[in-house]
Amino acid sequence: MQITSQTFKANTVKALADVDLQRALRHVEKGFIGKRQKAADALPEFDALRDNAVEIKNHTLKHLDLYIEAYVAKVEASGGKVHFAEDADHARRIFLDIAKRRKAKTVTKGKTMISEEIGLNAFLEENGIVPVETDLGEYIIQLRGEHPSHIIAPAVHINRDQVEADFRKFHVHLDPERDLVRPETLLSEARQILRQKYGEADIGVTGANFLIAETGTSVIVTNEGNGDLTQLLGKCHVVLASLEKIVPTLEDTAQILRVLARSATGQEMSVYTTLSTGPKRTEDEDGPEEYHVILLDNGRSGMLGTEFEDMLRCIRCGACMNHCPVYHAVGGHSYGWVYPGPMGAVLTPSLIGVDKAGHLPNASTFCGRCEAVCPMRIPLPKMMRHWREKEFESHLQPKAARAGLGVWAYLARRPKLYRAAVSYAMPALKLLAGRKGRFRSLPLAGGWTKWRDLPAPEGRTFMQAYAQSGHGDPK
Amino acid sequence: MSGSTRDAVMGRLRRAVGANPANDAERRAAVAARLSDAPKGVIPARGQLPPAERLDLFIQMATKADATVTRLGDVSDIPEEVAAYLRERNLAPAIRMGRDPRLAGLDFTRTTLTVTTGPSEGDDLSSLSHAVGAIAETGTLVLTSGPDNPTSLNFLPEYHIVVLDAADVVGDMEAVLARLRQTHGKGTMPRSVNFVTGPSRSADIEQTLLLGAHGPRSLHILVVGEPG
């Protein structure tokens, strides 16, 4: 997919003015936050499970080479095949080889963010293969020619009436007079249309929430059942997964599952948690003839052992974006690539480069809600700061911003000079503001004063006020 | 190509985690120990109950996840219960099931049901499966693939009826995993293990929860016998 993270600022201006998007985004704040809280409160061990989930992932990352070795051996023992993919292009070529060998014409797909990351759909179309998204949200956005705006609710930016209009436009074989007012009817219509597709598919593609080293198993966690039909009825099952999905054992999976669904949708457990190991067995009467795993690196091995390693614990629950005031305001597409919200602000620069995605770690109020709700306790704000530092070090910011930061840093390192400077500046600003005590415009602060007045300082610095309060000199 | 990529990726991983000949044996031992011991971690107290209360919790949690549950005294009650369930919902008196020996002996001749056997072809309205177990903590059924209970019966029909032996209800997922290991051997798995918690659903349209997405619209559980 085309990356538009470079134009993040312009994207957000457009998003803020988009009435339909703003209407749809209200559901994020309303829907997810309360449900997660209720589910977390209902399980006294929730925080202990989070701690253990963090430990499991940390242990796994420290031994990732060995767990991957064990995983690959188990997949092969169960009759499956693991393909290592260096990057997006390599993953696409591996997929095409499998598709060509199977003379594939149609590929059904469960929801997979790795497929978005490698731009699989457009590539398949270029090669004369029809990709069919089967998750309801993914199906809707495929009709619209869009990309997901949320990692677990891909069509969260769309309203019901927009879905109705799309279904009328694309499902032309159905009665144009049919009643589609109720969301239930929309769901039934999508169900009916997709029913035909599963069995016709030459390949069924899914992602994976976990890859289990102990057994060579891939795990998907879903509510609709489309992922299961995709992997069960396609003649060949291809799993797209990245390196960090590995967990050691079945028990480790059970631990992390307990925090995943609760953090994502506020469910005790998602409807379908499915463990798949290898292709159809001799005695099986259903199931895929072939089972492949495309194991994607695409920059992850470069994060291991760095200050961004913690990000590899991410289980893609979406809680950070569900709780992010910036995401609530601008939606997922503004972030300009696959992963939006706080996790995207950290992961995207790692995967596509800080030169392209430098705006994202800056799009944070540092309110800390993302870290507070992250089931894997990923220090997202700290990592966004790391990116800001790297952006500064690589001279990627505009000259004015760098100059401003330079001046500030010079003063901040010289407390006496700093205090002297502000002790002159504060009364001067008070004087300039006049009786209103506010600025309607101010040089260098146009970004602020364009939207609201800037309150003027009251004339004293904090240090002076503190000293006069009787607490003594704060030095 | 993939072979050399594998070597390249693994080489980078080894460097990143600081693997070297000096710590190789120690690291391998740590991984081997975890894979063989499979430590359990934190088990919530919620499901740790005596059998009768555990079954009650399962029924409560499954109901909360929008499944329906009926208790039966004996397996021989299943045919009439299935017939009644379909009749009450004005559904065709037909059911599709696998070759599970626990269901094969059922006498459906006392009902008007048409019973067919094998995986779902996609046009069956109702199916009957036998679960290998269930988890009280979350109200979750556990089903495994194979000719006894083909996986397609769990997903294609609109009405899925699942038989569960009351004695197979355990407290937590870890207890199910231990049983799977006992049945299939350590490190070996059936092709598919399905943890099912309620009927299928979607909230993709305006975050409004709707039942019956791509899988069954209804999940009906027949709990047979007494908990033990």
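**Entry 1: a starting pair**

I began with one residue pair: Ser276(A) in S9(A) is the bridge partner of Ser218(A). The model I am reading is predicted, so I kept its rule in mind: local features need pLDDT of at least 70, side-chain atom pairs count only at pLDDT 80 or more, and totals for chains, interfaces and linings use all residues. Residues are numbered from 1 along each chain as its sequence is written, while chains are lettered from A and ligands numbered from 1 in the order in which they are written.

For the names, I noted that helices (H or I, at least four residues) and strands (E, at least two) are DSSP runs, numbered from the N terminus. Two strands pair if DSSP finds at least two bridges between them. In general, strands of a sheet pair through backbone hydrogen bonds, either parallel or antiparallel.

**Entry 2: the strand S9(A)**

I then looked at both partners of this strand. Strand S6 (residues 217–222) of chain A pairs with S9(A) in the antiparallel sense over five bridges.

Which way do the residues of S9(A) point? Tyr272(A), Thr274(A) and Ser276(A) point one way, Thr273(A) and Leu275(A) the other way, and all are buried. With five of its five residues buried, S9(A) is largely enclosed by the rest of the structure.

**Entry 3: where chain B touches chain A**

How many residues of chain B are in contact with chain A? I found 62 residues of chain B in contact with 75 residues of chain A. Contact here means C-beta atoms, placed from the backbone, within 7 Å. The elements of chain B that give two or more residues to its side are helices H1 (2–17), H2 (21–37), H6 (152–155) and H7 (173–184), with strands S9 (192–196) and S10 (201–202). H1(B) gives the largest share, 11 residues.

By class, this side of chain B has 28 nonpolar, 22 polar and 12 charged residues. The classes are these: Ala, Val, Leu, Ile, Met, Phe, Trp, Tyr, Cys and Pro are nonpolar, Asp, Glu, Lys and Arg charged, and the others, Gly among them, polar.

**Entry 4: chain B as a whole**

I listed seven helices and 12 strands in chain B. Its radius of gyration is 22 Å, well over the 17 Å that the globule rule gives for 228 residues, so chain B is more spread out than a compact globule. That radius is taken over C-alpha atoms, and the rule is 2.2 Å times the number of residues to the power 0.38. Along the principal axes, the C-alpha atoms fill a box of roughly 70 × 45 × 40 Å. Of the 228 residues, 49% count as buried.

The domain assignment gives chain B domain 1 (2–37) and domain 2 (47–224); such bounds come from an automatic or database assignment. The centres of these two domains, over C-alpha atoms, are separated by 41 Å.

**Entry 5: a sheet in each chain**

In chain A I traced an open sheet of six strands, S1-S10-S7-S4-S2-S3, with parallel pairing. Strands S1 (81–85) and S3 (130–133) stand at the edges with a single partner strand each, so one side of each is left without a neighbour in the sheet. Neighbouring strands are turned by 25° against each other on average, direction ignored. The angles use axes fitted to C-alpha atoms, for helices over the stretch in contact, and run from 0 to 180 degrees between N-to-C directions. Helix H5 (residues 88–101) of chain A lies across S1, S4, S7 and S10 of chain A, at about 170° to S10(A).

Chain B has its own open sheet of six strands, in the order S1-S12-S7-S4-S2-S3, with parallel pairing. Its edge strands are S1 (68–72) and S3 (114–117).

**Entry 6: the domains of chain A**

Chain A divides into domain 1 (1–42 + 318–397), domain 2 (45–296) and domain 3 (399–471). The C-alpha centres of domains 1 and 2 of chain A lie 23 Å apart, and their contact takes 25 residues from domain 1 and 28 residues from domain 2. On the domain 1 side, H2(A) gives the most, with 11 residues.

Conventions
Contact = placed C-beta atoms within 7 Å. Buried ≥ 20, exposed ≤ 12 C-beta atoms within 10 Å, placed from the backbone.
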